[in-house]
2 protein chains.
Amino acid sequence: MGTTRDEQLKWRAKKVIPNAMYGHQSTATLPPPTPQFFSKARGAYLWDYDGNRYLDLMSAYGPNLFGYANEIIDAAYIDQLSRIDTATAPSHLLVELSERFVNLIEHADWAIHCKNGTDATSAALMICRAHKGRKKILFASGAYHGSATWCTPVPSGTVAEDRMHFIEYSYNDPDSLAEAAAEAGDDLAGIFASPFKHDILSDQALPTQEYAEKARTICDDMDALLVIDDVRAGFRIARDCSWSSMGVQPDLSAWGKAIANGHPLSCLLGSDRARAAASSIFVTGSFWFSSAPMAACLKTLDLIESTDYLEKIVSLGDHLRVGLGEISEGAGLNVRQTGPSQMPMVLFYDDDDNLDVPQGMAFAELMIKRGVYFHPYHNMFINASMTEADIDFVLERARQASREL
Amino acid sequence: MGTTRDEQLKWRAKKVIPNAMYGHQSTATLPPPTPQFFSKARGAYLWDYDGNRYLDLMSAYGPNLFGYANEIIDAAYIDQLSRIDTATAPSHLLVELSERFVNLIEHADWAIHCKNGTDATSAALMICRAHKGRKKILFASGAYHGSATWCTPVPSGTVAEDRMHFIEYSYNDPDSLAEAAAEAGDDLAGIFASPFKHDILSDQALPTQEYAEKARTICDDMDALLVIDDVRAGFRIARDCSWSSMGVQPDLSAWGKAIANGHPLSCLLGSDRARAAASSIFVTGSFWFSSAPMAACLKTLDLIESTDYLEKIVSLGDHLRVGLGEISEGAGLNVRQTGPSQMPMVLFYDDDDNLDVPQGMAFAELMIKRGVYFHPYHNMFINASMTEADIDFVLERARQASREL
């Protein structure tokens, strides 16, 4: 048993949890001082079990958009809990929320609400195939779309047949997309695309207009469905589907994480073109009809529509990016910051421009020791409860860390 | 647009929700007066949007075990919400809850917490296959294990490959199980079993000792894993895995629905034998580490361990079963009540002993009109907030309905 309370909890966890922790919140591959457990979350901050406070640049891997324990959103949740939550049928909030999404998201004509992002991407997969009774689905190599049998990034426990009709293409490469579509031929059911390239351990990339339009054109020409997996980036890029600014609308978009500011809710939105297929599949879950997360989502959408949260997180992200750029340049470090600044990905490279994971880990460790939860190889998430002073605090710590590196 | 508020909501839903409702809570195949929406839930009762109150025999299709809006459980949820819920890492409650399950459930040595019952059964499927790198899984024909691509009961949107390595057997038929295992041969990865036969539109059946032991013996002989899908029945049969009273322990058990009294939580429990395989797979979800549902689950487990809720729901179920038996006999109706009385399945048969769904629908309609939410073809769920007086109310309504039938 260790000396810190976090180590003691990890020691207990090892007995009753596989690997002491499963899934994306395991800290097994993060720098050793990274706490595995937190006792308190408020605004942009986390507290571990040993009295340390952290400015949390991960925002719960996305769900925290308006601050942990946001009083307005949580009050809506609690109020609804006293009326009706999980029951034998949904409340009117399911209709209200569906109408709200249809009004807010340009391509959407209908909604299915679920719990995990994977529920939404799995329903999208099924709807693509149901649309014309075809099988082939195109995915970008390295993209994460969830952890069901058909998409978990670790092959253990899956069989080859789970992905037999999947064809990979290279993100942002229209030729590669066209080749994959040609391989699928008249069995093409759909194309999955992340709103931008946000794979772990690699530079992020915004979509090119050519790539996005090619995906749309192929789907139109082949009567296949285009799916945007906006689970991770949804509402951090736009107050609409993330490809809206490029004028490219998908047939289906998957949402989750931030839509109810951390309350358990995901959803799949679709256009009328995909409605018949959506009506033909059977997907459900014990808690998919629960009203309290829907009340929290409605309140989150209020804040999305009525505040400048989006402009704020972009401005904070830019501030962080410029500051980190100056610091790394001053220290002679080879750092790349890619993708939207409000979803910062900070990767360290060596003098030969090869990814230097140990250096990134060392930097993250120095940051964590200084009270900043900094991720060495996954994109981070700015949230609207952060302030300029918080970013200045991160930059001050980064200056210290880069000196010590 | 209809004249009732429920009809008005359905009319709105039709525009923005596929089929006006998806999944198991759609009332499309239930008697027309069945409300699609409820405005309030308290204890054992639901209120629709037209001022009608219903004694709810469905208990949210399972999750309601200690009453809707249970004050003790909901207070624990709300209290935890103010500390930490969805964050960048879990709180100590994940460890505490895992320890609690390991102490309470005889076969369990570890736990993975998730959101949907389907998450738990999907993880079980993957662990079976990871255990020895084998592919074949045995399922009982007609059993429901969730709505992912590999298990949804409606084939639309799935491909044959999703179930290529599945072999069906007949529940409670040891010979059929042995034949299926022989067909799998040395590629047998695991056997899935419901704790009792609880398929829709058919009589329920308790497991025979011979069948349960055969499943265990085959898994031992072949080094395959035995999975009990206790999502629906968990904690309504025993304060342990549902096969514990027969002395048969699985390697994996899937839980959900009632474990947090309606708060979104499911889990997969496993024995040490399955730990290495469980440690090798990657499953996760944005809200799997959230603390508030875990606080609610711990409080629910307190009530499970410290109250006579189980004896009470069995007693109430017996009361209902005896009463309905007398009523149907008195009215000359051919009604079968099967399975555990606390999970009532009431099916109507014609004079030739053929299932008479229209008669069941007519009876359910008469019950619903009289303020009892009665399901014509799915098992129902007694909960511990019900009283003898509630059951007497159901029986009085059933007497009226059977006279009118």
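Patches here are made of residues with over 30% relative accessible area and no salt bridge, like charges being joined within 9 Å and nonpolar side chains (Val, Leu, Ile, Met, Phe, Trp, Tyr) within 5 Å. A salt bridge is a side-chain nitrogen of Lys or Arg within 4 Å of a carboxyl oxygen of Asp or Glu. Areas are from the Shrake-Rupley method with a 1.4 Å probe, and for residues only the protein chains shown count as cover.

This is a predicted model: local features need pLDDT of at least 70, side-chain atom pairs count only at pLDDT 80 or more, and totals for chains, interfaces and linings use all residues. Residues are numbered from 1 along each chain as its sequence is written, chains are lettered from A and ligands numbered from 1 in the order in which they are written, and side-chain values use heavy atoms, leaving out hydrogens and water.

On the surface, A:Ile200, A:Leu201, A:Leu355 and A:Val357 make up a nonpolar patch, together about 280 Å² of accessible area. A:Val357 has 34% relative accessibility, so it counts as partly exposed (buried is under 20%, exposed over 50%, partly exposed in between; 1.4 Å probe, protein chains only).

Now the cysteines. A:Cys297 is buried, at 0% relative accessible area. In chain B, the sulfur of B:Cys297 is 6.8 Å from that of B:Cys267, too far for a bond, and B:Cys297 is buried at 0%.

Key. A disulfide is a pair of cysteine sulfur atoms within 2.5 Å.
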